[in-house]
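I set out to look up the side-chain packing and the charged pairs of this model. My entries follow the order in which I consulted them.

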Amino acid sequence: MTVPPGGRVDRLAASVEDRGLDALLVTDLVNLRWLTGFTGSNGLAVVGADRGSGATVQRFLTDFRYRTQIEEQIVPGWSREIHQDLLLASLGGPPADREDAAVRIGFDDANMSVKD
């Protein structure tokens, strides 16, 4: 597999910020592959900007079955997290340093329900 060209995450993070969002949740497997290089069947990614530092946040979450695969496939720059629970539940709440605790997260409504 070819490694996705650089700049995809930065362009996506800039687009997320331009839309007034704190982060984008990517769950569609085709989009995950385009963004991260992951070809497995269970994963999600979160892309956004850290409000404190302005650095791009790149989190990739999957389950234990893909431990080896993510080390081989996920392009550099992503944090790689293995979780036992449902991946959406593993995301956690808003950052502790946020006074308002409100976080605006974008998602693809063709791939995920509002309820989720």
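The entries below cover the nonpolar cores, the aromatic pairs and the salt bridges.

**Basis.** I worked from a predicted model, in which local features need pLDDT of at least 70 and side-chain atom pairs count only at pLDDT 80 or more, while totals for chains, interfaces and linings use all residues. Residues are numbered from 1 along each chain as its sequence is written, and side-chain values use heavy atoms, with hydrogens and water left out.

**Nonpolar cores.** I looked up the cores as sets of buried Ala, Val, Leu, Ile, Met, Phe, Trp, Tyr and Cys residues joined through side-chain atoms within 4.5 Å. Buried means under 20% relative accessible area, exposed over 50%, and partly exposed in between (1.4 Å probe, protein chains only). The largest core has 18 residues, and Leu 35, Val 47, Phe 60 and Trp 78 have the most contacts inside it. Two or more residues each come from helix 1 (8–18), strand 1 (23–26), helix 2 and strand 2. Helix 1 gives the largest share, four residues. I took helices (H or I, at least four residues) and strands (E, at least two) as DSSP runs, numbered from the N terminus. Another core, of eight residues, lies apart from this one and includes Leu 25, Leu 61, Leu 87 and Met 112.

**Aromatic pairs.** I found two aromatic pairs. Rings of Phe, Tyr and Trp (its six-membered ring) pair if their centres lie within 6.5 Å; planes under 30 degrees apart count as stacked, over 60 as edge-to-face and the rest as tilted. Phe 38 and Tyr 66 are edge-to-face, at 5.3 Å centre to centre with 80° between the planes. Phe 38 lies in the loop between helix 2 (29–36) and strand 2 (43–49), and Tyr 66 in the loop between strand 3 (56–62) and helix 3 (67–73), so their pair ties together parts 28 residues apart in sequence. Phe 38 counts as buried because its relative accessibility is 1%; Tyr 66, at 9%, is also buried. I noted that Phe 38, Phe 60 and Tyr 66 form one aromatic cluster.

**Salt bridges.** I counted two salt bridges, each requiring a side-chain nitrogen of Lys or Arg within 4 Å of a carboxyl oxygen of Asp or Glu. One joins the side chains of Glu 81 and Arg 59 (2.8 Å, N to O). Glu 81 is in strand 4 (residues 79–82) and Arg 59 in strand 3, so this bridge ties together parts 22 residues apart in sequence. Glu 81 is buried at 18% relative accessibility, whereas Arg 59 is partly exposed at 22%. Arg 65 bridges to Asp 63, with the closest N and O atoms 2.7 Å apart. Asp 63 is buried, at 9% relative accessibility.
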